[in-house]
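Welcome! Take a moment to look over the sequence and the 3D structure, and then we will walk through some of its parts together.

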Amino acid sequence: MNYTSLLEQVEAKKIVPVVKLDRASDARALGEALCAGGLPVAEVTFRTDAAEESIRIMKREFPEMMVGAGTVVNVEQAERALAAGASFLVSPGISRSVVEFALDHKLPIFPGTCTPSEVMTAMEYELLVVKFFPAAQYGGLNTIKALAAPFPSVRFMPTGGINASNIMEYLASDKIIACGGSWMVKDSLINAGDFEEITRLTAEAVALVSEKREG
């Protein structure tokens, strides 16, 4: 999937579930729950050893899903994510080596930014969308609006502190392409095997943002 097409799909979905899987054996059930809830998207974070295999399983079992790799902090992880079939990469910060690896392999990437200098670094690579992380701790929407003023060509995907109570506030800004969130895929629900609740929360989230999507 090319960069432009992926951005269009991310913007259409409005939410990117941020997932931490401790066991790759849960990957299939989680993918099924997200798809059943109407949100066939997942950012599987490299915070655990199960990430690579989990991405591989989701891509194999649910080819319609956009499955990306999150918390990618070095090229070695980026290589593993690519080998597993990741559709995109997300980093908590901006690493030139990771960005250059992604671009060399035509793999869309959303590097993390929270300062003007970091946004400018992303712009050097002609990236159109950056992650804003951690959103709540760095001033949320007010900071994004302030950053957007001198950088009109850049849009943001805030992650960190996003939930059902504040996501619509973020999505009201045209500078926000989508939001990353984990409230519908909490670790406790995954580890407890409560995939029915994940489906319910996912469907609820999709319904919440549907008005914005249709608009």
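Which side chain meets that of Arg28 in a salt bridge? Here a salt bridge is a side-chain nitrogen of Lys or Arg within 4 Å of a carboxyl oxygen of Asp or Glu. The partner of Arg28 is Glu32, with 3.7 Å from N to O.

Before going on, a word on how to read what follows. This is a predicted model, in which local features need pLDDT of at least 70 and side-chain atom pairs count only at pLDDT 80 or more, while totals for chains, interfaces and linings use all residues. Residues are numbered from 1 along each chain as its sequence is written, and side-chain values use heavy atoms, leaving out hydrogens and water.

Back to our pair: Arg28 and Glu32 both belong to helix 2, where they sit four residues apart, about one turn of the helix. Helices (H or I, at least four residues) and strands (E, at least two) are DSSP runs, numbered from the N terminus. Arg28 is partly exposed at 40% relative accessibility, and Glu32 is partly exposed at 43%.

In the whole structure, a search finds 14 salt bridges. Side chains of opposite charge can pair when their charged atoms come close. One of the bridges joins Asp187 and Lys20, whose closest N and O atoms are 3.4 Å apart. Asp187 is in helix 9 (residues 187-192) and Lys20 in the loop between strand 1 (15-19) and helix 2 (27-36), so this pair ties together parts that are 167 residues apart in sequence. Asp187 is partly exposed at 32% relative accessibility, and Lys20 is partly exposed with a relative accessible area of 22%.

Arg200 forms a salt bridge with Glu204, the closest N and O atoms lying 3.3 Å apart. Because they are four residues apart in helix 10, about one helical turn separates Arg200 and Glu204. Arg200 counts as partly exposed, at 41% relative accessibility, and Glu204 does too, at 42%. Elsewhere, salt bridges that share partners join Glu52, Glu53, Arg56, Glu76 and Arg80 into one network.

Thr202 is buried, with a relative accessible area of 0%. Leaving aside residues up to four places away in sequence, Thr202 touches Leu34, Gly37, Leu39 and Met184; contact here means heavy atoms within 4.5 Å.

Now turn to helix 1 (residues 3-13), whose buried residues are Leu6, Leu7 and Val10. Seen down the axis of helix 1, these buried residues fall within an arc of 100°, so they line one face of the helix. That arc is taken from the directions running from the helix axis to the C-beta atoms. Thr4 and Glu8 are exposed on the other side of helix 1. Among the elements covering the buried residues of helix 1 are strand 1, strand 3 (66-70), strand 5 (109-110), strand 7 and strand 8. Just after helix 1, Lys14 takes a positive phi of about 75°.

Two strands pair if DSSP finds at least two bridges between them; strand 7 (residues 129-132) and strand 8 pair in the parallel sense over four bridges. Lys131, for example, has Met157 in strand 8 as its bridge partner.

Finally, what about the cysteines? A disulfide is a covalent bond between the sulfur atoms of two cysteines. It is counted here as a pair of cysteine sulfur atoms within 2.5 Å, and by this rule the count comes to zero disulfides. Cys114 is in no disulfide, and the nearest cysteine sulfur, that of Cys179, is 16 Å away. For Cys179, too, the closest cysteine sulfur is that of Cys114 at 16 Å, which is too far for a bond. Cys114 is buried at 15% relative accessibility, and Cys179 is buried at 1%.

Definitions and conventions:
Buried < 20%, exposed > 50% of the residue type's maximum accessible area, 1.4 Å probe, protein only.
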